[in-house]
Amino acid sequence: MKIYKNIEDIRAPFSHACVTIGNFDGVHLGHQQLFAQVAYQAHQQKGTSVAITFDPHPLQILKSGGIKLISTCEQKIELVDMAGIDVMVIVPFTQEFAATTAEYFVDEILLKRIGMKELVVGYDYAFGKGRTGNISFLQQQGKEKGFSVAVVDAYYTQGTLVSSTHIRQLLAAGEMAEARRLLGRCYQIRGEVQLGKQRGGKEIGFPTANLKFADEDLVPRHGVYVSQVICDGKCYGGVINIGCNPTFGEQALVAETHIFDFNQDIYGKPIKVNLLEFLRNERRFDNINELAAQIGRDVASARKILSEQSKELAISCEDKFNS
Ligand SMILES: Cc1cc2nc3c(=O)[nH]c(=O)nc-3n(C[C@H](O)[C@H](O)[C@H](O)COP(=O)(O)O)c2cc1C
Ligand SMILES: Nc1ncnc2c1ncn2[C@@H]1O[C@H](COP(=O)(O)OP(=O)(O)O)[C@@H](O)[C@H]1O
């Protein structure tokens, strides 16, 4: 997939561009319907499938307090690529860009720059200053300016509307199996392993690879989860604790993963952690021995769950997720 992080970098319009636009936070099953439709239409016409998104997320700029995101921009790129899209355009979203009118966006960006011939949007999509670029506006523009507009219906699975907002609520409640069902994949956090307080290995007997959350990252329900850890292209079982280590009177929020059957120094390395199932709340223990005993029980529960679900979990550790 070719990636453009600036509209100006697109030197010539793409051949028969079939385009979809959106924020695509989480790249969930609903978003995936749009990508499948765009890829299909592009294939039919021997054209180019194009996904346009924005970074930062528009609400990061437009909404006071911003918005917490299911996926990082890097993860979004990876997932859009896996959906079979040829070109991804990531428009830098600024206050100035927010003032762009829908008509200017259609004329200058979609038509002149990208060479859009077909547009695919979700049932509730609108863009541009004041959200004037809604579906009826786009259909009208299409008639006048010669591009088709396909509107993809709301996507439901087993009676539930798939939406980023609903998935955020599920993650905040620790409902990982349901989140996984709507995402079409495991909810994942990722980052480079940070130096912690050096207690895990030496004092507790369970070394943990620590990740920090960025301001814009959604933080799932605090507590302990069964997990899969992807490190150097290999997949391991693990347990992750998301919390503040109350036993040690700490304040800072961290995500600490103990990786099973693993003994390597991975400080500074990128890891990905799939959160599979919530096990328990984080709590304060009276002493390190009690904490260590509980972590031992967490490890045993997690191993059991991982082995029971090994067949269905194999897919989330496939190569394409591990690069
Ligand atoms: C599976 C697991 C469960 C944990 N549960 C708790 C907990 O309930 N309460 C707590 O204070 N810390 C908990 N911790 C965090 C440990 O306190 C933490 O790993 C330890 O302080 C090591 O920190 P360090 O990596 O900065 O050295 C847990 C860690 C793991 C891996
Ligand atoms: N099984 C394991 N799980 C997680 N990290 C491990 C494991 N084995 C070795 N490590 C290494 O040990 C480090 C964690 O040790 P720990 O004592 O918890 O220190 P810190 O406080 O810096 O996290 C990890 O960052 C990683 O480099």
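Visitor: Leaving aside its neighbours within four places in sequence, what is Val19 in contact with?

Guide: In this predicted model, once the neighbours within four places in sequence are set aside, Val19 is in contact with Val50, Ile52, Leu110, Ile114, Met116 and Leu119.

Visitor: And which residues have the most contacts inside the largest nonpolar core?

Guide: Val19 is one of them, together with Val50, Val80 and Ile85, and the core that they belong to has 34 residues.

Visitor: Which helices and strands each supply at least two residues of this core?

Guide: On the strand side there are E2 (17-21), E3 (48-55), E4 (87-92) and E5 (116-122), and on the helix side H1 (29-44), H3 (73-82) and H5 (102-113), each of which supplies at least two residues of the core. Apart from this core lies another one, of 32 residues, and among them are Leu170, Cys186, Ala209 and Val224.

Visitor: Stepping back, how many helices and strands does the chain have?

Guide: The chain has 12 helices and 14 strands. Its radius of gyration is 22 Å, close to the 20 Å that the globule rule gives for 323 residues, so the chain is as compact as a globular protein of that length.

Visitor: What share of the residues is buried?

Guide: Buried residues make up 35% of the 323 residues in the chain. As for contacts between residues at least 6 apart in sequence, 74% of them join residues that are at least 24 apart.

Visitor: New topic: how many residues surround ligand 2, and which are the closest?

Guide: Ligand 2 is surrounded by 21 residues, of which the closest are Gly196, Gly200, Gly201, Pro207 and Ile259. Helix H9 (200-204), strand E10 (209-211) and strand E13 (254-259) are the elements that give two or more residues to this shell, and the largest share, three residues, comes from H9.

Visitor: What is the shell around ligand 2 like by class?

Guide: The shell around ligand 2 has eight nonpolar, nine polar and four charged residues.

Visitor: Now Glu216: where does it lie?

Guide: Glu216 lies in the loop between E10 and strand E11 (223-231).

Visitor: How far apart are Glu216 and Ile67?

Guide: They are 149 residues apart in sequence, yet their C-alpha atoms are 6.5 Å apart in space. Leaving aside neighbours within four places in sequence, Glu216 is in contact with Gln60, Gly66, Lys68 and Leu69.

Terms used. Residues are numbered from 1 along each chain as its sequence is written. Chains are lettered from A and ligands numbered from 1 in the order in which they are written. This is a predicted model: local features need pLDDT of at least 70, side-chain atom pairs count only at pLDDT 80 or more; totals for chains, interfaces and linings use all residues. A nonpolar core is a set of buried Ala, Val, Leu, Ile, Met, Phe, Trp, Tyr and Cys residues joined through C-beta atoms within 7 Å. A residue is buried if 20 or more other C-beta atoms lie within 10 Å of its own, exposed if 12 or fewer, and partly exposed in between; C-beta atoms are placed from the backbone. Helices (H or I, at least four residues) and strands (E, at least two) are DSSP runs, numbered from the N terminus. Two residues are in contact if their C-beta atoms, placed from the backbone, lie within 7 Å. The radius of gyration is taken over C-alpha atoms; the globule rule is 2.2 Å times the number of residues to the power 0.38. A residue is near a molecule or strand if its C-beta atom, placed from the backbone, lies within 6 Å of it. Ala, Val, Leu, Ile, Met, Phe, Trp, Tyr, Cys and Pro count as nonpolar, Asp, Glu, Lys and Arg as charged, and the others, Gly among them, as polar.
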